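Me: I would like to learn how to read a protein model, one feature at a time. Could you take me through it slowly?

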Amino acid sequence: MQKKIPMRQCLGCREMKPKRELIRVVRSPEGEISLDFRGKAPGRGAYLCKEKSCLEKAIRGKALERAFSAEIPEEVYEKLLGEMEAEHDG
C-alpha cells in the first residue's frame, strides 16, 4: 500500500501541495515567529510555496498575520525572501 502524502495549502496561491514542497512558517508557543525547515518545530504552522510570487500575494493579503493572529516582523519576510532566492540560485 502506498504511503499517504500529507498535503498543505499555500497561503499565497491557495493551492494544495505536498508538505515537503512548501516552506513552513511557525509561531512558537511563546509567540515567536520563525522559519521551520524540518517541519518539526512546536507551534502553529502555516505554509508557503517556494515561489516569490506566492510570498508577495501572502504579504499583500496579510495571510500570515491572519494565520497566526499576530503581527509579522519584517525580518521574517526578509528571511523568507532570502530563502526563496537561495532556492532558485541553488
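Me: Leaving aside its neighbours within four places in sequence, which residues is Asp 36 in contact with?

Reply: Contact means that heavy atoms lie within 4.5 Å, and by that rule Asp 36 is in contact with Arg 24, Val 26 and Ala 41, once its neighbours within four places in sequence are left aside. Please keep in mind that this is a predicted model, in which local features need pLDDT of at least 70 and side-chain atom pairs count only at pLDDT 80 or more, while totals for chains, interfaces and linings use all residues. Residues are numbered from 1 along each chain as its sequence is written, and side-chain values use heavy atoms, with hydrogens and water left out.

Me: Is Asp 36 buried or exposed?

Reply: Buried means under 20% relative accessible area, exposed means over 50%, and partly exposed is in between, using a 1.4 Å probe and protein chains only. Asp 36 has 7% relative accessibility and therefore counts as buried.

Me: What does the side chain of Asp 36 reach?

Reply: A polar contact is a pair of N or O atoms within 3.5 Å; within protein, one must be able to donate a hydrogen and the other to accept it, and residues adjacent in sequence count only if both atoms are side-chain atoms. The side chain of Asp 36 reaches the backbone nitrogen of Arg 38 at 3.4 Å, and a polar contact of 2.5 Å joins it to the side chain of Arg 24.

Me: Which residues are buried in α1, and how are they arranged around its axis?

Reply: An α-helix has 3.6 residues a turn, so residues three or four places apart point the same way. Helices (H or I, at least four residues) and strands (E, at least two) are DSSP runs, numbered from the N terminus. In α1, the residues Cys 54, Leu 55 and Ala 58 are buried. Seen down the axis of α1, these buried residues fall within an arc of 100°, so they line one face of the helix; the arc is that of the directions from the helix axis to the C-beta atoms.

Me: Where does Lys 62 lie, and what is its phi?

Reply: Lys 62 lies in the loop between α1 (52-60) and α2 (63-68), and although it is not a glycine, it has a positive phi of about 50°. With a relative accessible area of 49%, Lys 62 is partly exposed. Arg 14, which is also not a glycine, has a positive phi of about 65°, and its place is in the loop between β1 (7-9) and β2 (16-18).
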